[in-house]
Amino acid sequence: MASSIRSILAGAGSYLPERIVTNDEMAATLDTSDAWIRERTGIRQRHRAGPSETTAAMATAAARRALAFAGVDASAVDLIIVGTSTPDQAFPSVAVRVQAMLGIERGFGFDVSAACAGFVYALSLADELIRCGRCRGALVIGSERFSRILDYTDRSTCVLFGDGAGAVFLRASEGEGNDGILSTHLHAQGSLGDILFVDGAVGVADAAGTPLSGKLRMNGREVFRHAVHRLTETVEEALAANHLLATDIDWLVPHQANIRIIDSMGRKLGIQQSRVVVTVDRHANTSAASIPLALTEAMTDGRAAKGQLVLLEALGGGLVWGSALVRL
Ligand code: UT7
């Protein structure tokens, strides 16, 4: 390898809000049913943040657990990147709020807006910054409170999403070894921006001057079609770049949007179901938080072990998508 610095994924942690909302609870106020939601998405429940479970608070809780997993304290952090589409404020960024909550003053941090691909985008950036020597210890976090941007009268979207946060700690390594982030690939197609978007932002108002803070809007069928196609493509791209076959992958940790997307990708790629980490049933779609939530689960319950190959992939509103291949 030409560059001698690489990023080791040294720890992972997550946070889920205490309150669980079941499909039956959603069906009490909406024309939907537990059977429809399970059959079409695989979702059984989602977590919903309470007032104190802000995007920054959840991100910090996940970050503390990732640091504890890695066996380091916050003084090892000199970069924080948060993938989020639901920051608590337009600024300061969630990342610097996390820095303050961790009680550190060194380094730098910023948020990445890449919807459900936010974690993969953030991981790729952190890896590049470590490789070029700008930092040595990075927290990469996905934290989302999608419950704030859902239209609870739209059954085709509001049942799909949940709140939560996940984080990993990356450390620079100059030693010998074949572990760490092996590759990342990022893509975007802005011409498809109108099939999944939020119809508002800070400072945006309608013709009558009423603020439009924005709700999520989605053409689900279209997103589904592009997701299967693009995600398969990006997985194949990652495998080819590393001269690997799908059968070499120990764990596929996909973005958790819909079990039908996950299953159809697994089938197309020939990856056994038992090698795919699934949390969508319990977490629903937590956007940028979904991959680090699932990865943390697999790294803490004894499935994903040191030395194994883990492939992450996600697609979200933009459209934006990408993958990361990591040897733990
Ligand atoms: O994380 C970012 C990426 N996002 C995604 O990957 C989401 C991708 N899309 C999907 O997961 C699926 O397209 C959905 C779960 C959103 C929808 O599933 P679908 O099988 O594509 O359903 P559909 O949109 O074709 O709708 C089928 C029917 C419609 O009724 P009619 O028109 O056939 O009478 C919908 O009105 O299901 C109806 N429907 C519902 N019925 C009960 C839509 N939502 C619901 C609901 N409960 N919650």
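Trainee: Where does A115 lie, and how do you know?

Mentor: A115 sits in the loop between strand 5 (108-112) and helix 5 (118-131). Helices (H or I, at least four residues) and strands (E, at least two) are DSSP runs, numbered from the N terminus. Before we go on: this is a predicted model, where local features need pLDDT of at least 70 and side-chain atom pairs count only at pLDDT 80 or more, while totals for chains, interfaces and linings use all residues. Residues are numbered from 1 along each chain as its sequence is written, and side-chain values use heavy atoms, with hydrogens and water left out.

Trainee: What is phi of A115?

Mentor: Near 45°, a positive value in a residue other than glycine. Most residues other than glycine have a negative phi, and most peptide bonds are trans.

Trainee: Which residues does a cis peptide bond with omega of about 0° join?

Mentor: F91 and P92. P92 is in the loop between strand 4 (79-83) and helix 4 (94-101). The bond from G318 to L319 is cis too, with omega near -15°.

Trainee: How do you know which residues come nearest the ligand?

Mentor: A residue is near a molecule if one of its heavy atoms lies within 4 Å of it. There are 23 residues around the ligand, and T32, R40, R221, N258 and N285 come nearest.

Trainee: Which helix gives the most to the shell around the ligand?

Mentor: Helix 7, with four residues.

Trainee: Why does the ligand lie between the domains?

Mentor: Because domain 1 (2-173) and domain 2 (180-327) both give residues to its shell. The domain bounds come from an automatic or database domain assignment.

Trainee: How far apart are the C-alpha centres of domain 1 and domain 2?

Mentor: They lie 14 Å apart. The contact (heavy atoms within 4.5 Å) takes 53 residues from domain 1 and 47 residues from domain 2.
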